[in-house]
Amino acid sequence: MSKKKLDEVLEDVDEVTVPETAPEDITASDIDGTEAANEEAAPAAEANKMPTTEAPARTLCYIGPTIPRSVFVKGRIFKDVKDIAASYPDEIKRYPEVTALCVPVENLPEARNKLIKGNNALSMKYKALDNKIGG
């Protein structure tokens with residue numbers, strides 16, 4: 001908003017009042033006087049809550065190059081993994097490309113095709129990791 005428009009808006013405001021009660025002391029019933037409406041709305045609000053976005057456990061396959069002295073060996077299957085980075089934080093910190101190269105087994109054929117074709121993000125991660133480990 002430009003300064004000129006802001007000044008025009010502020011001219012329309014006569015006085016700003018601040019309540020003496022702290023905001024945490026004010027309840028919905030203080031504002032509209034309907035405690036019953038709030039009690040009825042609570043179950044509806046609970047029903048409309050989004051479920052937590054915790055990642056489901058899944059089976060992943062590592063399709064990157066074998067990293068010496070590591071759990072990441074080409075073709076290794078990781079069963080019931082929720083978060084590969086949380087499971088192997090030290091190795092992921094050293095080789096962050098690994099997270100992209102652990103693919104759900106249901107996407108394995110598509111991911112392998114991407115590696116074969118090249119010129120995509122997955123193949124670039126593979127090449128970067130291969131160069132990093134001296135492959």
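## Elements of the fold

Helices (H or I, at least four residues) and strands (E, at least two) are DSSP runs, and they are numbered from the N terminus. By this rule, the protein has 8 helices and 3 strands. Read from the N terminus, the order of the elements is α-α-α-β-β-α-α-α-β-α-α.

The model is predicted: local features need pLDDT of at least 70, side-chain atom pairs count only at pLDDT 80 or more, and totals for chains, interfaces and linings use all residues. Residues are numbered from 1 along each chain as its sequence is written, and side-chain values use heavy atoms, with hydrogens and water left out.

## Confidence and overall packing

The confidence of the predictor in each residue is given as pLDDT, on a scale from 0 to 100. The average pLDDT of the protein is 77, and 59% of the residues score at least 70. Over residues 12-19 pLDDT stays under 50, and the model has 0 contacts beyond four places in sequence for them. A contact here means heavy atoms within 4.5 Å.

Among contacts with a separation of 6 or more, 50% are between residues 24 or more positions apart. Burial is judged by relative accessible area: buried is under 20%, exposed is over 50%, and partly exposed is in between (1.4 Å probe, protein chains only). Of the 135 residues, 21% count as buried.

## The largest pocket

Grid points are joined across faces, edges and corners, and the volume is the space filled by probe spheres set on the points. The largest pocket has a volume of about 160 Å³.

Its lining consists of Ile67, Pro68, Arg69, Ser70, Asp90, Glu91, Arg94, Tyr95, Lys132 and Ile133. Helix α5 (residues 89-94) gives the largest share of this lining, 3 residues. By type, the lining has 4 nonpolar, 1 polar and 5 charged residues. In this count Ala, Val, Leu, Ile, Met, Phe, Trp, Tyr, Cys and Pro are nonpolar, Asp, Glu, Lys and Arg are charged, and the others, Gly among them, are polar.

Ile133, one of the lining residues, lies in the segment after α8. Ile133 is partly exposed, at 22% relative accessibility. Beyond its neighbours within four places in sequence, Ile133 is in contact with Pro65, Thr66, Ile67 and Tyr95. The C-alpha atoms of Ile133 and Pro65 are 8.7 Å apart, although 68 residues separate the two along the chain.

## Salt bridges

A salt bridge is a side-chain nitrogen of Lys or Arg within 4 Å of a carboxyl oxygen of Asp or Glu. The whole structure contains 2 of them. One joins the side chains of Lys132 and Glu97, at 3.2 Å from N to O. Lys132 lies in helix α8 (residues 121-132) and Glu97 in the loop between α5 and α6 (98-101), so the pair ties together parts that are 35 residues apart in sequence. Lys132 is partly exposed, at 42% relative accessible area, whereas Glu97 is buried, at 11%.

Lys114 forms a salt bridge with Glu110, with the closest N and O atoms 3.8 Å apart. Both residues belong to helix α7 (residues 108-117) and are 4 residues apart, about one turn of the helix. Lys114 is partly exposed, with a relative accessible area of 37%.

## Residues of helix α8

Ser123 is part of helix α8 and is buried, at 3% relative accessibility. Not counting residues up to four places away in sequence, Ser123 touches Lys114, Leu115 and Gly118.

Tyr126 also has its place in helix α8.

## Positive phi angles

Most residues other than glycine have a negative phi. Arg69 has a positive phi, near 50°. Arg69 sits in the loop between β1 (58-62) and β2 (77-81) and is exposed, with a relative accessible area of 84%.

Asp80 also has a positive phi, near 50°. Asp80 is in strand β2 and counts as exposed at 63% relative accessibility.

How values were computed:
On a 1 Å grid over the protein atoms alone, a cavity is a set of points where a 1.4 Å probe fits but cannot get out, and a pocket is an open set with protein on both sides within 12 Å along at least five of seven lines; lining residues have an atom within 4 Å of a point.
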